[in-house]
Amino acid sequence: MKCLPVLGFVLLSFVAHAQSVTLPPSERVVLDNGVVLILNEKDDVPLVYIDLLIRGGALGDPDGKDGVSSLLASLLEKGAGERGSAEFAETVAAVGGRLSTSANRENINVWGNFLSRDTDLMIELIADMLMRPALDADEFERLRARQIDVIRSAKDSDFGRLMPIYAEAFLFGDHAYAASVSGSESSLEAIRHQDVLDYYEQQVGADRMIVAVSGDFDAANMRASLEAAFGEWRPASAELPQAEATAPQVGTRVLLIDKPDATQTYFWIGNVGVARSYPQRADLNLANTVFGGRFTSMLNTALRVESGLTYGARSRLSRNLKPGSLGISSYTETSSTVEAIDMALGVLATFHAEGVGEEMLESAKNYIMGQFPDNLETGSQLADTFAQIEFYGLDSGYIDGYGEAIAAATTESVAAVIDAVYPKEDDLVFVLLGNAEQIRESVQKYGPVTEVSITEPSFAIAQSLDESPDESSGD
Amino acid sequence: MSTPFIAELSRRNVFKVAFVYIVGAALLYWLAVVAGTQLELPWWFPRLVGILFVVGFVPALIFAWVYEITPYGLKKAVDVDQTQSIVFKTGQKLNASLAVLVVLAAVAMIADRLLPELAVVEPPPFVFDAPTGPNVPEEIRSFTLDNGLKIIVWPDHDIPNVVMYNFVRVGGRNEYPGITGLSHFFEHMMFNGSSNLEPGEFDRIMEAAGGANNAYTSNDVTVYQDWFPKSAIRTIFELEADRLDNLAFDPDVVESERGVVQSERRSSVDDDNSGLLYEQVMASAYLAHPYRYPVLGWPSDIENWTVEDLEDFHRTYYAPNNCVMVFTGDVTPEEIYSLAEEFFAGIPAEDPPKAVTTVEPEQLGVRRLLIESPTQTPLLHIAFHAGRASDPETLAMNMLLEIIVGGDSSRLHRLLVEELEIATYVGAFHHEGFDPSTVYFYLGLRSGVDPARAESELFAALDAIVAEGVTEAELDKARNIMLADFWRAMATIDGKASALGDFEVFHGSYERLFDRSDAVDAVSTEDLRTAAADVFRINNATIGVLQAAAQEGKE
C-alpha cells in the first residue's frame, strides 16, 4: 500500500549532502628534544585518552628477527619505574584505567584511557614505560615463548588473522613490508633479550615520538605535565629506518598454504597499492567503497548477496608511508574455490571496464560522508586522528577538506584512479589458504603455484626459485 | 510522428481533458489532505486519493479519445458524423472549466501558504514519559504507540548523526528442533526484500542515503542497528517500517542465503576450534532449555526450514508489541514521535508470542566432553549454570569476573598466563539472558599443556574465592572498572543506544542503567563470595576440552 509514496520519497531524498566535518581545535607543541605534543580538550565524558606513536616500528627489526619491536612493545608493560610487572598492571586496573602497547609496521603505539581524575597517574605510568622500562630478561623469555604459541594457535583456527601476514609476505618478497610484525615461530626462536635491549636503545627516543591527547582536561595543565614528563628524554641512537617505495608486481603468481582440515578456502588477491599521502584519496575511497568497501559493494553483491558463495567479500588498502598492499579478500567452501575466485576476477574486470556510474558515485559520496562523523566522535578517535595526521605528515585539510574533495569527484576522476591504482588481471598475486589436495590442480590456472604447509614455522616464503617472476621487466 | 494523429487528438479535446484532469486532480488532492487532517481520517486517505488520480489519468485520456459528447449523449467518436460533431463547443466548455479550476487552484495555494494554522489541526499532543529516576539524564524521553511499540529517545547533538537500535524479543531460546538457527537466518532475511522492495534494495537505499546497518542475534534477542546522518532519518523510518510490515520471502533468495549462513558457520564453527568447542559445551550444559541450540543453528536445520516457517516466525515475533526501539543522536523526541506515528502506528499488534516455560533441571554432577582435532594448542572451556540478567546477584557476578579475568592484573591471568605459563589467554563472561544462563570460562592453553592440569589450577583458584572471598582492594578495582566502562559506553551515541536498549529489555527499564553506579557501590565482598559459592561448584560445571588425538606418549 505504501509502495508508491514510499519509493517516490526515497528517490527524491537522494540529494547529496556533503556534510562538512572539521577537526576540533587543538594545540600543537614541539619540545626541544623533538617530542611533538597535540592537545585537544573535549569534556563530554570524564575521560582522557592518549595516543602515542614512536616512529620506526617493525621497520627497525633486524634481519631474520621479525617481532623484536613487537616483543619490546609488550615488554614495556611488564614493569617500569618503581613498579614490577604485577604491580604495574594492578595500578592501571585499580583505577579502571586501560593501557596497551603494540608494534605496527612503521611505529610503536602506546594507547591509554583513564578517568580524568587519574590523568596524572596515566602520564606517570606512560612516562615510566617509555623512559624507565624494566625490560626484564625473565619477562622477555615468558613473552617470547607465549608469542610463539599465540601464532600456533592462530594457525590452528584463526585464519582471518593469518591471511594478511601471508599475503604481505608473499606480495612484498624481499621488501621490508614483507615482514610479519608480530614475528613467526622461527624468527621468535632466533630473538635474544639483547636484541630487545638494542632496539630500545637505538629506535626508541624523544626525537621520534608523537603524543596526542584528547579528553576532559585543562590544556595548559596537560601541556605542563607532558613537558615535565618527556621534556628531558634522550633521542634514539640510530637512524630512523625507512622503507623504499616499491612498484606493483608484474605477472601472476600463487601461494597455496595447505591446511588439510580446513573446510573453506580463504583467499586474498591483490598487488601493491598506494601510500597514505596518495593525492587522489577521495576518488580512491569512493572507488573502493563501490568495489569492496561496504555491504552493497560490487564484490559483496556478487559473492554473497547474489550467489551465496560466502559470508563476505571485500577489498582493502593498507596505506603506509610508502605504497602498501591492495587486495580482495573472501572465503568459500573448498569445492567452490575456483567459482568464487573467478567471480571475484570477473568483478575486477567489470570494475575496470565500467568504472563507477553517476548514480553509484552519488550513493558512495553520501555513504562516505554520512558515516564520516562516526569516526571523529570520541576522544580516542580524535587522539588517534591527530597522531596519524602528524605521523604521515598531513595537515588538518586531511579532515577539513575531505568533504569538498568527495563532493568534487566525478565519474571521470574516479575512473582515472581505478585505472591507475587497481591491478589488472594479468598482474595479480594470489594467496590461498585451505585444503591443498582438493584445490592444488585447479588453481594452477591462476599462475605458478608455490605451496607451503601451514605448519612451516616461518612466514617468509622462499620465492619458488625457478619461477620467480622477472622483477626488472618493470611497468 | 504523424501530424494528422496529433491534430485528431487536439480535435477530440484530449489535450484539454488532460489539462483539466491534472489541475482538477491536484486541487482535489489538496482538499483530501486538508480534509484528512481536519477530520482525522487515517494517514493513508490522501495517499489513496492521490494514487487513484494517478491511476485514473490514462483511462481518462483514452475515454476522451474514444467517446465524444453529442446532443444525443455519449457516443463513440468513430460513430459520430463529423459534420454533426460539437467537439468545438465541448472544447470551449473545457476551456472555461480549466480557467475556473486554475483560479480555484491559485486560491488554494494562497490559502495553503497564508492560512496553515486554519487549515491544519494540531496533531494530538505528544505523550512522552519523562524519566523519573534521580540519576537519569532529563533529556531522555520514551513513549509507547497504541500497537505496543516502545520507543526511547536520547538526544545528543555532538555529531550530526543518529543511531537506531531495534531490539526484537526473539532468539535461539524461541527455537526447537527443525528450526534451530531460524532467528539468525531471519535476521539475514530482514535485509532481503519486502513486497515493496526487491532483495538488496534495502541496503542500496540505506547506503545511498548515507546510512549503514547491521544486526546481531543471540540466544535471547535479535537486534537491528542503523547508523546514519540526520538527513536520512525519514528514509530510515520508511525502510524499518517497510520490513516490519511487508517483509517477503523470495524462494531463490532463501536458497542463496542458506549458502551465506553455511559459510558463516564454516568460518566461525567448523574452521574455528573455539567456536566449535563453545557450541558443543553449550549443547551439553543444557538438557532441556533451548539455550542448548547454537544461534547459527544445526546444519541440517539450516538446509531444511521452509518459507512457511519464516512467515510464521515473522507474524509471531516481528510485531510492534514485541520490539523496543532506541534512537540516540542528533534528533528530538518530537520528530521521532511524529515519524513513528506516521510510519509505525499503522502496523498491527499481534498476540504476544508463546512464553518459553522450560526450566533447566538442576545439574546433578559434572559433565565432560572431549573433541579430538588436529591442533597444536589445546582449549579448555567450562560452563557453570548461573542466574538470569535481571537477578540481583548478576551484578555481583559481573564484578567478580572483573577480578577473576578482567585484564592483566586479574587473578587467573596472573596465575595461568604469567606465573604458571600454561595458558596464552583466559577469559570469561556471564551470558545475561531472560532465563538462567551460564558463566562461561574459555582458555587457550600453551602447546603441550595437559588440560587436566589447567582445570585443576582453575578450580583451585575459584575454590579459594569461595573459601576466602576477595579483598576490599579487589572490590574497589572492580567498582572503578565498571565506572570507567560506563563512561566509555556513554562516549558514543552507539554505546548509549546499545546500553539503553539492553537495560530496557533485560532489566525492565532503561532507567536502571543510571542506577548502576549506586548499585555497584552497594555490592560487598560478601556478596561476591556468595555469588562465587552459588555458581563455582564442580557439580554445576560442564567441562569441554579440545585437543589433538593422543599419539606418542604423554608429556
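Start at Leu135(A), which is found in the loop between α4 (119-131) and α5 of chain A; helices here are DSSP runs of H or I with at least four residues, strands runs of E with at least two, both numbered from the N terminus. This is a predicted model, in which local features need pLDDT of at least 70 and side-chain atom pairs count only at pLDDT 80 or more, while totals for chains, interfaces and linings use all residues. Residues are numbered from 1 along each chain as its sequence is written, chains are lettered from A and ligands numbered from 1 in the order in which they are written, and side-chain values use heavy atoms, with hydrogens and water left out.

Leu135(A) is not a glycine, yet its phi is positive, about 45°. Most residues other than glycine have a negative phi. Leu135(A) has a relative accessible area of 8% and is therefore buried (under 20% relative accessible area; exposed is over 50%, partly exposed in between, with a 1.4 Å probe and protein chains only).

Next, select residues 159-172 of chain A, helix α6. Its 14 residues reach 20 Å from first C-alpha to last, close to the 20 Å expected at 1.5 Å a residue (1.5 Å times one less than the number of residues). Of these, 11 are buried, so α6(A) is largely enclosed by the rest of the structure. Among them are Phe159(A), Tyr166(A), Glu168(A) and Phe172(A). The buried residues pack against α5 (137-157), β7, β8 (264-272), β10 (325-333), β11 (429-434) and β12 (449-453) of chain A; contact means heavy atoms within 4.5 Å. Gly173(A) follows α6(A) and has a positive phi, near 55°.

Move to Pro235(A), in the loop between α9 (219-230) and β7 (253-258) of chain A. Leaving aside residues up to four places away in sequence, Pro235(A) touches Gly205(A), Ala206(A) and Asp207(A).

Now go to chain B and show α14 (393-405) with α20 (525-535), which pack at about 90° with axes 9 Å apart. The axes are lines fitted to C-alpha atoms over the stretch in contact, and angles run from 0 to 180 degrees between N-to-C directions. α14(B) is therefore roughly perpendicular to α20(B) (65 to 115 degrees; under 35 is roughly parallel, over 145 roughly antiparallel, the rest oblique). Residues making the contact include Met397(B) and Leu400(B) of α14(B), and Leu528(B) and Ala531(B) of α20(B).

Finish at Glu421(B), in the loop between α15 (411-419) and β11 (423-430) of chain B. Although not a glycine, Glu421(B) has a positive phi of about 55°. At 28% relative accessibility, Glu421(B) counts as partly exposed.
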